[in-house]
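Here are my notes on this model, as numbered points. Keep the structure open while you read them.

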Amino acid sequence: MILKMAFRNIGRNRKRTVLSITAIAISVSLIVIMMSYVEGIFGGAVNNYVRFQAGHLRIQHSGYMAKERLLPLDVSVEDDKKIEKKLDNWLGVKSTSGRIKFGVILNVNDLNETCLGIAIDPEREEKFNQFSKYITDGRYIKSGTNDIMLGCRLADKLGLSVGDEIIILTRTVYDSIAFKTFKLSGVFELGIGRIDKQTFYIPLDTAQNLLDMEDTVTEIITILDTDMTLDDHINEISAYLEKEVDENYSAISYSEGNDLLAMIETSKSAIGVLFFIILVLSGSTIMNTMLMSVFERTKEIGMMKSMGLKNLKIINLFMLESAFMGVFAGLAGGAFGAAISLYFQKTGINFGKFIENMDFPIKSVVYFQFKMEYFTFALMFGIFVAIVSALYPA
């Protein structure tokens, strides 16, 4: 009987019902969209950092991290090919790639620019970075050549075009001056301001020759099938390095000594406060709507009591009505929020120069990252608030 009455009452005053459902649905959809957007920003930043900068883990000399900001070449990893070959057959390891990071002065037409040089194995890097997709002009670098690949903003600043010659001035591992002329083979645009404006890439074998670092790298980037196994891989690989290669080598997580993750945690805390405020405002909106809905029915409540309906049954009636509206509105709002999130997950939102100028590994186009648990959380929130909001007035 109570169930039938609840269904009937929902349809009796359509204006009131639509208003209540709309308030809940809007709140639920905003929650889904907000959560997908935040995950798109921070999840994307971590993913970019892993792909283009640190890998899931990196193999380094134990003395490198303390001097990392100075880009030292003398604390390095030797026999990189041997280690890569071993890790390539390691269960759960997707790809490995040796790199050399070094400080450089680029000289172009008497114009000098201080930059970060990264020497990579083009074939290995392509496996997980798919760098060739980001080439906007020219082509990807090739091993055994004097190719150089510049970020688009760096190339624009220096007024360079594909085919132009660039002189690299740097220091070797023995701290002697070295210079070499390279030919600009391609210009890339990752959409990550910090990389596009100050970074270039050259072939690893060419850099090893230039820097007197034959068969030596500053780090070996390792990409895993999933970061869920990160701790296990760090322990296992570190044990292998200590036992079979060099006790001074170790596997380091991308999160260790990472200012980026500390920045993300701080940002998440700030956004968490904002998100809590949104939840409170959403809950208040739903509660006010439900209060208005119940107080409008004072005469109806008196009639039900005169017909012998107990207080508890009347309360249960309002609870059921609220629950039905919460479920319907939650499903509708969640579906709408999911649709919006999935759309921007595919197309992204271009923030242009606003993000490009940030010292943060996030692309100027932010792609939402929708997860089913966001839909479930928002749905449960809508139902919970709808029911709780009816308790006091009932």
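1. Start with the words for angles. Under 35 degrees counts as roughly parallel, over 145 as roughly antiparallel, 65 to 115 as roughly perpendicular, and the rest as oblique. Angles run from 0 to 180 degrees between N-to-C directions, and axes are lines fitted to C-alpha atoms, for helices over the stretch in contact. Helices are DSSP runs (H or I, at least four residues), numbered from the N terminus.

2. Know the source. This is a predicted model, in which local features need pLDDT of at least 70 and side-chain atom pairs count only at pLDDT 80 or more, while totals for chains, interfaces and linings use all residues. Residues are numbered from 1 along each chain as its sequence is written, and side-chain values use heavy atoms, with hydrogens and water left out.

3. Look at H11 and helix H13 (residues 372-391). Their axes come within 8 Å and cross at roughly 155 degrees. The two helices are therefore roughly antiparallel to each other. The contact (heavy atoms within 4.5 Å) includes Phe318, Gly326 and Gly334 of H11 and Phe375, Gly382 and Ala390 of H13. By class, this contact has 13 nonpolar, five polar and no charged residues. Ala, Val, Leu, Ile, Met, Phe, Trp, Tyr, Cys and Pro count as nonpolar, Asp, Glu, Lys and Arg as charged, and the others, Gly among them, as polar.

4. Now take helix H10 (residues 298-306) with helix H11 (residues 311-347). Their axes come within 10 Å and cross at roughly 135 degrees. H10 and H11 are therefore oblique to each other. The crossing is right-handed. Ile301, Met304 and Lys305 of H10 touch Asn311, Ile314, Leu317 and Phe318 of H11. Five of these residues are nonpolar, one is polar and one is charged.

5. Helix H3 (residues 80-88) packs with helix H8 (residues 230-245) at an angle of about 135 degrees, with axes 12 Å apart. H3 and H8 are therefore oblique to each other. H3 passes H8 in a right-handed crossing. Lys82, Ile83, Lys86 and Leu87 in H3 meet Ile237, Tyr240, Leu241, Glu244 and Val245 in H8. The contact has six nonpolar, no polar and three charged residues.

6. Which helix gives the most to the lining of the second largest pocket? H2 does, with five residues. The elements giving two or more residues are helix H2 (14-54) and helix H4 (122-129). The lining divides into five nonpolar, four polar and four charged residues.

Conventions: Left-handed = near helix turned anticlockwise from the far one by under 90°.
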